[in-house]
Amino acid sequence: HTYEKGVCLKCGLEEEIPYEYNKTKFDGKNMQIIIYCNTSDIDPFNPFYYKTDVESKKQRVLDIEEAYNIDIVFQEYPYDAEWGYERFEWIKANSLKTNTSNHIYSLNSNWVKALAEANAIAELYDESTSTGILKELKVGINEYMKEYSKDSKIYGYEVEHTHANSFMHYNINLIEEYGLEDPAALWNEGRWTYTQFFNYIENAQIEFNKNETTKIYSMGGTFSDMTLGLISGSGYKLIDDERVLVQFVNSDIIDIYLDCKELFKKNQWSPDSVTSDISLNFVEGKQLFQTGELWYFISEMRYKNQVDFNIGVVPYPTSDDENQEYYVPTMGSMGYVFPNIKNNENGLTTKVLVNIIDNLYHGFENESKEEYKDYLEEIITAPSKYKESSINAIMNIEENFTSYRFFDYMSIVDHILNSTSGFAMDRGYRMWSLQILQSEDIEGFLATKQTEYQLVLDYIMGKIIK
């Protein structure tokens with residue numbers, strides 16, 4: 001072959017250029033590079049690593065260690081930085097130390113704005129000037145990478161983007177027995193607005209009330225998840241992630257709370273489900289809708305071996321106003337952030353650390369939409385027409401997810417304000433939102449909560465110094 005500008009002049013084939021490790025030409029002299037992470041997620045040498053291509057990934061680590069003359073250590077975060085806010089504070093404290101420049105941090109993108117505000121992590125790319133480390137290393141910048149941004153500057157390297165996970169689940173057997181329309185099919189046809197959903201609930205309850213022997217509820221699920229889904233789907237955010245503003249006291253949001261409260265007054269909402277991830281009435285086939293996440297389908301703690309009916313999936317309804325936004329709360333993507341270093345031990349820089357991570361993930365792309373659809377085909381075991389409508393509805397959200405998603409600061413502020421985590425049942429929004437059902441002054445109650453949450457949000461975003 002005779003190549004010119006990467007193309008053979010004789011046959012037209014493109015020249016195969018071997019992938020280059022260590023563009024930075026760094027020699028670490030056998031120094032350690034510590035990657036803080038959940039090792040079962042990241043380290044292919046961990047016996048509990050559960051992802052694919054294990055042997056290829058092991059070899060990749062060895063190749064990188066040789067190319068950079070380094071020793072890569074995958075290390076669990078310390079106990080005092082196990083999750084959330086504690087991890088944020090730990091990384092922030094590390095940024096002030098001189099002996100932590102060889103650290104790389106696996107991190108959820110939700111914490112990036114706060115860490116950037118605290119000058120605790122390095123800027124990797126400036127969109128306004130199209131300059132930065134990512135461009136110098138020719139790293140592709142996708143929509144998910146922008147989850148690691150603040151003020152048009154990117155501070156992280158995204159490797160595993162999140163999917164929409166929270167939906168309404170419904171009992172298909174009840175749909176068929178009482179002659180109701182398939183909710184997922186209604187979504188796919190554009191007939192699943194807020195008002196249409198509440199009308200559906202009302203009409204379904206009328207049919208269920210004809211059963212004189214068994215009480216069946218048209219509505220169910222945790223009050224916190226259902227209201228959050230309805231609020232987001234209607235185009236509102238309890239905490240605006242862009243303006244970093246708590247907005248509980250919003251007349252449209254209050255109206256949604258009142259509509260849900262009315263379902264309790266009418267005895268249409270299963271009372272045993274308001275704080276439980278899965279209610280007994282739903283398990284026993286006596287409840288139509290249930291809040292839930294997709295992993296429920298494969299968990300023996302949720303649906304697997306627990307229910308003996310078919311379950312469909314439908315997104316939360318859209319606003320009645322077709323011009324209103326549609327939002328899906330998410331905990332963000334997984335990726336890496338880096339210390340801001342210029343020239344440390346052996347000439348180590350932030351650029352070298354980014355180059356290492358880019359090398360580590362080259363060729364191991366994110367899950368494709370086709371692969372994700374195959375996963376849905378596997379976990380949703382409903383009859384074909386319901387399975388198809390549910391998967392199409394989920395994929396509709398997936399295909400628009402980059403414009404629908406927003407960062408769910410509720411769980412972060414809950415964790416700080418209420419000493420809780422995403423799994424706690426007895427504290428935070430999951431519990432205090434129930435007080436709305438008893439409160440005679442919803443606006444006054446929410447105003448108090450709004451002040452509390454705004455103070456915490458201002459602190460983690462650097463507006464208040466502790």
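Mentor: Happy to! Let us begin with a cut-off: a residue counts as buried when its relative accessible area is under 20%. Please keep in mind that this is a predicted model. With a relative accessible area of 14%, Asn281 is therefore buried. Asn281 belongs to helix α11, which covers residues 280–283. Leaving aside residues up to four places away in sequence, Asn281 touches Tyr217, Ser270, Asp272, Lys286 and Gln287. One of these, Tyr217, has a charged neighbour: Lys215 lies over the face of Tyr217, 5.0 Å from the ring centre.

Now for His169, which sits in strand β10 (residues 166–171). The relative accessible area of His169 is 0%, so His169 is buried. The side chains of His169 and Tyr303 are joined by a polar contact of 2.7 Å. Beyond residues up to four places away in sequence, the residues that His169 touches include Phe282, Leu288, Phe289, Gln290, Tyr296, Phe297, Tyr303 and Val313.

Phe289 leads us to the aromatic side chains. A pair of aromatic rings is described by the distance of the centres and the angle of the planes. There are 32 aromatic pairs in the structure. Among them, Tyr200 and Phe289 make an edge-to-face pair, with 6.0 Å from centre to centre and 65 degrees between the planes. Tyr200 is in helix α8 (residues 194–208) while Phe289 is in strand β13 (residues 289–293), so their pair ties together parts that lie 89 residues apart in sequence. Both partners are buried: Tyr200 has a relative accessibility of 10%, and Phe289 has a relative accessible area of 0%. These two rings also belong to one aromatic cluster, formed by Tyr170, Trp192, Tyr194, Phe197, Phe198, Tyr200 and Phe289.

Next comes a sheet. Strands of a sheet pair through backbone hydrogen bonds, either parallel or antiparallel. Here, 5 strands in the order β4-β3-β5-β16-β9 form an open sheet with mixed pairing. At its edges stand β4 (70–75) and β9 (157–160); each has a single partner strand, so one side of each is left without a neighbour in the sheet. From one strand to the next, the twist averages 25 degrees. Strands β3 (residues 31–36) and β5 (residues 103–108) run parallel and are joined by 3 bridges. Tyr36 stands opposite Tyr105 in β5.

Two helices pack on this sheet. Helix α3 (residues 84–94) touches β3 and β5, and its direction makes about 155 degrees with that of β5. Helix α12 (residues 350–361) touches β3, β4, β5, β9 and β16 (334–337), and its direction makes about 20 degrees with that of β9.

Finally, a closer look at α3. Its buried residues are Gly84, Tyr85, Arg87, Phe88, Trp90, Ile91 and Asn94. An α-helix has 3.6 residues a turn, so residues three or four places apart point the same way. The cover over the buried residues of α3 includes β3 and β5, together with α4 (112–117), α16 (409–417) and α19 (442–460).

Methods:
Residues are numbered from 1 along each chain as its sequence is written. This is a predicted model: local features need pLDDT of at least 70, side-chain atom pairs count only at pLDDT 80 or more; totals for chains, interfaces and linings use all residues. Side-chain values use heavy atoms; hydrogens and water are left out. Rings of Phe, Tyr and Trp (its six-membered ring) pair if their centres lie within 6.5 Å; planes under 30 degrees apart count as stacked, over 60 as edge-to-face and the rest as tilted. Helices (H or I, at least four residues) and strands (E, at least two) are DSSP runs, numbered from the N terminus. Buried means under 20% relative accessible area, exposed over 50%, partly exposed in between (1.4 Å probe, protein chains only). A charge sits over a ring if NZ of Lys or CZ of Arg is within 6 Å of the ring centre and within 35 degrees of the ring normal. A polar contact is a pair of N or O atoms within 3.5 Å; within protein, one must be able to donate a hydrogen and the other to accept it, and residues adjacent in sequence count only if both atoms are side-chain atoms. Contact means heavy atoms within 4.5 Å. Two strands pair if DSSP finds at least two bridges between them. Axes are lines fitted to C-alpha atoms, for helices over the stretch in contact, and angles run from 0 to 180 degrees between N-to-C directions.
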